[in-house]
Amino acid sequence: MIRDQEFLKDIASYCIENSKKLGATDVGVKVIHSVSENVSFRNKKLDESNRADSFAVNLTTYVEKKKSSINSSDLSKSNLEKLIERCIDATKITPSDENNSLPDKDLMSKEIRDLNLYDETHYPNDKKIEFLKKVEETASKDEKIVNTEAGFTENKNNFILANSNGFLGGYKTSNFSSSCVAVSRINGAMERDYEFGSTRFLEDMMEPEEIGKIAADKAIKKLGPKKIKSERIGVIFDKRISKGILGTLASAISASAIARGTSFLKNQINSEVFPNSINIIDDPKIEKGLGSQNFDSEGVETNSLKLVENGILKNYLIDTYYGKKLNLKSNGRSGGTTNLYFENGILSFKDLLNSEKKFLYITETIGHGGNIITGDYSVGASGFMVEDGELTYPVSEITIAGNFKEMFKNITLANDLEMKYSTNAPTLLINQMTVAGK
Amino acid sequence: MSNFFKETDIDTSQAEAIVTETLKNCDDGELYLENHKSESIVLDDNKIKSSTYNSDQGYGFRAVTGEVVAYSHSNDISKESLRKSSDNLKDTLKSKKGTYNHEIPKTNSKYYENINPIESKTFDSKIDLLKSVNNYLRSKGSIVNQVTANFLGEHKSIEIIRSDNQILKDDRPLVRFNVSVVLEKDGKKETGVYGVGGRQSYDDYLKDGSWKDVCDEAFRIANVNLESKPAPAGEMKVVLGPGWPAILIHEAIGHGLEGDFNRKKTSAFHSLMGQQVASEGVTIVDDGTLHQRRGSLTIDDEGTPTENTVLIENGILKNYMQDRLNARLMGTKSTGSGRRESYKHVVLPRMRNTMMLSGKYSQDEMISSVDKGIFAVSFGGGQVDITSGKFVFNCTEAYEINNGKIGSPIKGATLIGDGPSILKEVSLVGNDMKLDPGIGTCGKAGQGVPVGVAQPSILINKMTVGGTKL
């Protein structure tokens, strides 16, 4: 059972009062309880069950402009008392920084809207097992599938965020997720692919048969890949990975990267960064949204932001600390983006594939080859060749490389956006990247 | 006697009774208790950006029968919580029957001292050192655009209570000190990162001004990169420098030799035991017993003493890395490779310090044998797809080789290869094996654990370099 708000509030208040008593001038605290149950299957048999019951307290104390933090999983008051003392001691001898402070009072979230983020339904492990059996039965139908793994996780979470300026808020959230990994084999060589679903409400979960089928189909399609010649070519990013481009944008326009001067998009505010057909939105108030929130990790009200409008960079992602450095107000993005997405493009998926004679279609990238400072990008990739609009053969052991500044300006979007994750993008074409192969 | 029940409503013998009762029809399992203290102090942009102290304690209760693992963890160490976990485990395994394997090897060896690095250096002196790092690097001139430096220290105490009332204990210190510098020249910005660490106190790595060496190395790398040109694209010869570039070994073959992937037959290596998987002259070990190294452990997270496991000997695949579960199911013994990130995580077979041993060639011989290729000296991270065997890693310092001579530095590029075949492409093994500086963290199934790597310089006949220049 997830603990109620009163229980968490009591601990939050205890932390604030005791910190003040020991000399803190300001205090921020978050108290979290989460319960998670996971069942996993392998080759149609139970493999693992895992139950997690976790508490956490994150406390930050200020003495004027000095700041220090502690985190603990032990909520007993005797433990908290010792840790608060330790935190205040450290705060007093930490050098001060004029930008350290709680958020401005008038920016704080005033009311908590029910965004439909909590489903109290408990899905017992027996039901999870039935679900996973169906996933794996579907996934293993084809004899080319030699291994399947599937998992179901149910997560319930409750939290309170409070500070010494009187802010106190929190709410419950839930998450159900299910995944299937399928391994295919032909002539001794294996390929692996997956499908994954994640929802706030149990009733919105994909059908188990669908999860199993997609994972198996994708793994089979990848069999017998070729390595292609190095060349400059248009690269299409499958929806599963096109959202990664938005992740890069989010890192590059975070106030910390801008203030520290370590972003390839520094000084690009109000400049054209994407083609003028492109709009990028971050909306925290989507009902049942996986990235939805009432306020950010400092308690600041968050509202929908147009990050990019008609190709022009309009907003950074700003928290209190780096906002002060930049002389900008927090826009409720401490903790990053919420539900981030590209607005749909014009071309259908099919038309995009047909827009040139030949493309490379990428379904997976590996490695961490993006450099936010220079914009240089180089990652391992696998996918398919597209010829005359058709996926012709699988491709692997290649890399794709470019520079984000140039890549952003050469993006064409399809119109197949789906809101499946917290960050979502339609299928996306980047005209001309360098592919390294043979 | 356990140290974990002092301020709780349960004592050691009551906990032991719950463990014994829960595991009586199981093949294996234990109650794992952990107390973890850690700190992070970060200097960034001329300021102390954050100072954080973390205190975490909890248990992970595991029951294993056949291939099934039941796990329950909580940070509430109490009679009620343990009972609830026990019920949960018994319910998962209710239709199974196993025989508890009591055998667990003993050890008197210790590969690190029980010190708490957080307490063994004062907070003030850590702050002072971070400020000195900032001043030292910024005094190198106005091209220094940004300096970040941080201390990460931890002390972890673990206890493993097995079904026969055996209690196995370990106390593990770990530190890491990192410096990152951004240089700017003629509108171009580049980063250099360097760090040191291991299972000793901070001062063992930083005394006598050796922190300046860390700063100098970060500065040198950034400076080299300021002069870098676009990297080439395509297949070519690659010379890897000694030390940290051994993450190639870690990604390319290390993960593929972990017991779980081979038992499940999802590793590209699962049918290759006893076969030639590398060129002659290539020997690779995974060693948990090196003193004070980041990847070393006195006992693993199931209580098995670690060892030096030979993975590949003179090109022949000899052993996988095993935890107790996978060893039992594959009819072999644990190699002391059962690890978990924390009490919140199940045990998996993992690497410790993965090393390719020295051969007989000099680095100069390798470079002078290459007409066209690259010389890779330092890397960022890497990743592998276990099943297809494809792996990547990112160069953070690399040079072109033209006609046997080192040329200009090149921009960071990803290198991609195929795990099962890459070691057959190793044509020369150097005589200069070096350990990495103690900074590696390996991720698997969402769990990060500290690891080490080592290798000599090696020449690889053919790898794909993912640059932009055709």
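Reply: Let us begin with pairing: two strands pair if DSSP finds at least two bridges between them. Helices (H or I, at least four residues) and strands (E, at least two) are DSSP runs, numbered from the N terminus. This is a predicted model, in which local features need pLDDT of at least 70, side-chain atom pairs count only at pLDDT 80 or more, and totals for chains, interfaces and linings use all residues. Residues are numbered from 1 along each chain as its sequence is written, while chains are lettered from A and ligands numbered from 1 in the order in which they are written.

Me: In which sense do strand E13 and E21 of chain B pair, parallel or antiparallel?

Reply: Strands of a sheet pair through backbone hydrogen bonds, either parallel or antiparallel. Here, strand E13 (residues 353-356) of chain B and E21(B) are parallel, with 3 bridges. Asn353(B) lies opposite Gly452(B) of E21(B).

Me: Which other strands pair with E21(B)?

Reply: Strand E19 (residues 434-435) of chain B pairs with E21(B) in the antiparallel sense over 2 bridges, and Leu435(B) is set opposite Ala454(B). Strand E20 (residues 440-444) of chain B is also antiparallel to E21(B), over 5 bridges, with Lys444(B) opposite Gln447(B). The hairpin of E20(B) and E21(B) has 2 residues between the strands, and Ala445(B) there takes a positive phi near 50°.

Me: How many residues of E21(B) are buried?

Reply: A residue is buried if 20 or more other C-beta atoms lie within 10 Å of its own, exposed if 12 or fewer, and partly exposed in between, with C-beta atoms placed from the backbone. In strand E21 (residues 447-455) of chain B, 7 of the 9 residues are buried, and the strand is mostly covered.

Me: Why is strand E7 of chain B described as largely enclosed?

Reply: Strand E7 (residues 233-240) of chain B has 8 of its 8 residues buried, so the rest of the structure largely encloses it. E7(B) pairs with strand E22 (residues 458-466) of chain B in the antiparallel sense over 7 bridges, where Ala233(B) has Gly466(B) as its bridge partner. E7(B) also runs parallel to strand E14 (residues 372-384) of chain B, joined by 4 bridges, and Val239(B) faces Phe375(B) across that pairing.

Me: What is the order of strands in the open sheet of chain A?

Reply: The open sheet has 5 strands in the order E11-E10-E9-E12-E17 (chain A), and its pairing is mixed. Strand E11 (312-313) and strand E17 (423-424) of chain A are at the edges with a single partner strand each, so one side of each has no neighbour in the sheet. Strand E12 (residues 340-342) of chain A pairs with E17(A) in the parallel sense over 2 bridges, and Leu340(A) is opposite Thr423(A).

Me: How does the span of helix H3 of chain A agree with its 15 residues?

Reply: The expected span of a helix is 1.5 Å times one less than its number of residues. For helix H3 (residues 125-139) of chain A, the 15 residues should span 21 Å, and the end C-alpha atoms are 21 Å apart, which agrees.

Me: Which residues of H3(A) are buried?

Reply: Lys128(A), Phe131(A), Leu132(A), Val135(A), Glu136(A), Thr138(A) and Ala139(A) are buried in H3(A). They cover an arc of only 160° around the axis (taken from the directions from the helix axis to the C-beta atoms), which places them on the same side of H3(A). Two residues are in contact if their C-beta atoms, placed from the backbone, lie within 7 Å. The buried residues of H3(A) pack against strand E1 (26-42), strand E4 (145-163), strand E6 (172-186) and helix H4 (208-221) of chain A.

Me: How many residues does each chain give to the contact between chains A and B?

Reply: Chain A gives 58 residues and chain B gives 65 residues. On the side of chain A that touches chain B, E2(A) gives the most, with 11 residues. Between the chains, E3(A) and strand E2 (residues 47-65) of chain B run parallel, joined by 4 bridges, and Ser69(A) has Thr52(B) as its bridge partner.
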